Amino acid sequence: MRNPTPEGGPERLIALADGVFAIAITLLVLDISVPQGLDSEEFHQALGDTLPDLGAYGISLAVLGGFWRDHRAIFRTVRQVDGQVISLTVLGLGIAALLPFPTALVSEYGDERASVIIYAVTVASLGAVHLALAVLVARRPRLRGGAAPVRDEGLYAVDLGATVAVFLVTVPLALAVGSAAMWWWLVLVPVKVWLGRRENARSE
């Protein structure tokens, strides 16, 4: 099978990604507000009601920020892109732009299993696309001008693979225990910390 023909440098694709991630992060905050004209008791009640919104915002901000950083890392040594790289990037950006919707579901209907499942599937899909993109770039040195990837390929695959696995496991957990399955996402914290230390150790 012949490789797709290169279609130029990655600059426009990176700029598009930066814009989409910035807009998606901005959209996360649009549902966080306190109505006007409230008395003191109503104000404090409304302020307390924003806590689930702020929690969902914090989680999605970390998710989008992490994937934006990963996307920049993938393209750090890329000198040319082809049709498959463009298609995977656009697919990933489409999923990233969709994330404010499941974020709103989790913040407003966090007790519903469907909300947790939709959010988990969205994040797992975004992680799977990034993993496929990273593997594609790693297997085509010509796109990097022959340069080696900046980040260790094995650790990178483990990082994205762990994200995909954790959020996919959330689906059966949500069916079994409901919204409490969201606590399972905390498993990623020690995993990310361990991977970060391993990467720092290898770069020394």
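1. A surface patch is built from residues with over 30% relative accessible area and no salt bridge, where like charges are joined within 9 Å and nonpolar side chains (Val, Leu, Ile, Met, Phe, Trp, Tyr) within 5 Å. A salt bridge is a side-chain nitrogen of Lys or Arg within 4 Å of a carboxyl oxygen of Asp or Glu. Accessible areas come from the Shrake-Rupley method with a 1.4 Å probe, and for residues only the protein chains shown count as cover. Here Ile-23, Leu-27, Val-29 and Leu-30 make up a nonpolar surface patch with about 350 Å² of accessible area together.

2. The model is predicted: local features need pLDDT of at least 70, side-chain atom pairs count only at pLDDT 80 or more, and totals for chains, interfaces and linings use all residues. Residues are numbered from 1 along each chain as its sequence is written, and side-chain values use heavy atoms, without hydrogens and water.

3. Val-29 sits in the loop between α1 (11-28) and α2 (40-49). Helices (H or I, at least four residues) are DSSP runs, numbered from the N terminus. Val-29 is partly exposed, at 33% relative accessible area. The scale: buried is under 20%, exposed over 50%, partly exposed in between (1.4 Å probe, protein chains only).

4. Now the interior. A nonpolar core is a set of buried Ala, Val, Leu, Ile, Met, Phe, Trp, Tyr and Cys residues joined through side-chain atoms within 4.5 Å. The largest has 44 residues, and Phe-75, Val-85, Tyr-119 and Phe-167 have the most contacts inside it. Two or more residues each come from α1, α3 (51-74), α4 (83-98), α6 (113-138) and α7 (153-177). Helix α6 gives the most, 12 residues.

5. Ile-14 lies in helix α1 and is buried at 18%.

6. The structure holds 5 salt bridges. One joins Arg-142 and Asp-82 (3.6 Å, N to O). Arg-142 is in the loop between α6 and α7, Asp-82 in the loop between α3 and α4, 60 residues apart. Asp-82 is buried at 0%; Arg-142 is partly exposed at 32%.

7. Lys-192 pairs with Asp-159, their closest N and O atoms 2.3 Å apart. Lys-192 is in helix α8 (residues 188-203) and Asp-159 in helix α7. Asp-159 is buried at 5%, whereas Lys-192 is partly exposed at 30%.
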